Structure formats: C-alpha cells, structure tokens
Amino acid sequence: MSSNRFLLPSVALLAAGLLAAGCGGSGEAAEPVATTEVAMVKSYRFDPKTIEIESGDTVTWTNDDNFTHTVRVDGQEDHDVEQGESVSIRFDTPGTYHYVCTLHSKDMDGEVIVR
Ligand SMILES: [Cu+2]
C-alpha cells in the first residue's frame, strides 16, 4: 500500500512536524505520506491526512467507516463515497490540494501535495 520511497527525505520533515506539534498544541502534525491510497477510517477521519504524490498519479479514497462520506477537492465537484466504496481522482498539475468531506467538513479534511 504505502511506498517508502520518501522515507529518508521525510526524516527532516517529521522532526519539523513534531516540533510544530509541540509548540502549537492543537491539531495533529500532518507530515506528508508518500501514497496514493487514503482510507476513511472509523470515525470521521482521512488516513493519512496529508499525502504526497507525483503529477499524473491517481489517488483512491476508500470508505472503511460505517457512514457515507464525500471527497471534494477545493474548486472541484463533490463525490459521494458510501460505506465500502471508493473514488479515484487523478492529479496532473503540481500544487497543494485541500479537500474535505462535505458532510463532516469540521472533522474531515486533508491535503494532496502533487510534486
Ligand atoms: Cu464524512
């Protein structure tokens, strides 16, 4: 599932994330994970919350929770994802893409960083 190809370069990012978490208090550290698979896990979370992909990659979100969720990348259409279903979105342009579940937007959001 998740590739380890960015493991070594991520060490510095991880340390920075831990420092930021220590200072900020609220909100979890969200160091990017190099993967194209995101699960909607119990309950009301995208896991991992921040991912890093290459341009042209397709990200698949799979709903492993007991509720219907959605994936809406900012500025794009909303996709309903029922329990056990998944949705795939291709990213061709480098950038940072924020997305939410529009049903639970206060709890469920994440980011796709396209290199
Ligand atoms: Cu949701």
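This is a predicted model: local features need pLDDT of at least 70, side-chain atom pairs count only at pLDDT 80 or more; totals for chains, interfaces and linings use all residues.

**Strands and charges**

Strand β8 has a neighbour. Five bridges join β8 to strand β5 (residues 58–63), and the two strands run antiparallel. Within this pairing, Thr62 stands opposite Ser86 of β8. As background, the strands of a sheet pair through backbone hydrogen bonds, in either a parallel or an antiparallel way.

Arg90 forms a salt bridge with Asp92, and the closest N and O atoms of the two are 2.6 Å apart. Arg90 counts as exposed because its relative accessible area is 53%, a value over the 50% cut-off. Asp92, with 48%, is partly exposed.

Now turn to another group of strands. An open sheet is built from six strands in the order β1-β4-β10-β9-β6-β7, and the pairing in the sheet is mixed. Which strands stand at the edges? They are β1 (33–34) and β7; each has a single partner strand, so one side of each has no neighbour in the sheet.

Inside this order, strand β4 (residues 50–53) and strand β10 (residues 109–114) run parallel and are joined by four bridges. Ile51 has Val112 in β10 as its bridge partner.

Charged side chains also link these parts of the chain. In general, side chains of opposite charge can pair when their charged atoms come close. How many salt bridges does the structure hold? There are three, and the one between Arg90 and Asp92 has already been described.

Another salt bridge is formed by Asp109 and Lys49, with 2.8 Å between the closest N and O atoms. Asp109 belongs to strand β10, while Lys49 sits in the loop between β3 (45–47) and β4, so this pair ties together parts that are 60 residues apart in sequence. Asp109 is partly exposed, at a relative accessible area of 23%, and Lys49 is partly exposed too, at 24%.

A further salt bridge brings together the side chains of Arg115 and Glu52, at 2.5 Å from N to O. Arg115 lies in the segment after β10 and Glu52 lies in strand β4, so the pair ties together parts 63 residues apart in sequence. Are the two residues buried or partly exposed? Arg115 is partly exposed, with a relative accessible area of 47%. Glu52 is buried, because its relative accessible area is 9% and the term buried applies under 20%.

Along the chain, Arg45 and Asp65 are 20 residues apart, and their C-alpha atoms are separated by 8.8 Å.

The last stop is the edge strand β7. Asp78 lies in β7, which covers residues 78–81. The relative accessibility of Asp78 is 32%, so Asp78 counts as partly exposed. Where do Glu77, Asp78, Asp80, Glu82 and Glu85 gather? These residues gather on the surface, in a patch of negative charge.

Conventions:
Residues are numbered from 1 along each chain as its sequence is written. Side-chain values use heavy atoms; hydrogens and water are left out. Patches are made of residues with over 30% relative accessible area and no salt bridge: like charges are joined within 9 Å, nonpolar side chains (Val, Leu, Ile, Met, Phe, Trp, Tyr) within 5 Å. Accessible areas come from the Shrake-Rupley method with a 1.4 Å probe; for residues, only the protein chains shown count as cover. A salt bridge is a side-chain nitrogen of Lys or Arg within 4 Å of a carboxyl oxygen of Asp or Glu. Lys and Arg count as positive and Asp and Glu as negative; His and the chain ends are not counted. The place of a charge is taken as NZ of Lys, CZ of Arg, CG of Asp or CD of Glu. Buried means under 20% relative accessible area, exposed over 50%, partly exposed in between (1.4 Å probe, protein chains only). Two strands pair if DSSP finds at least two bridges between them.
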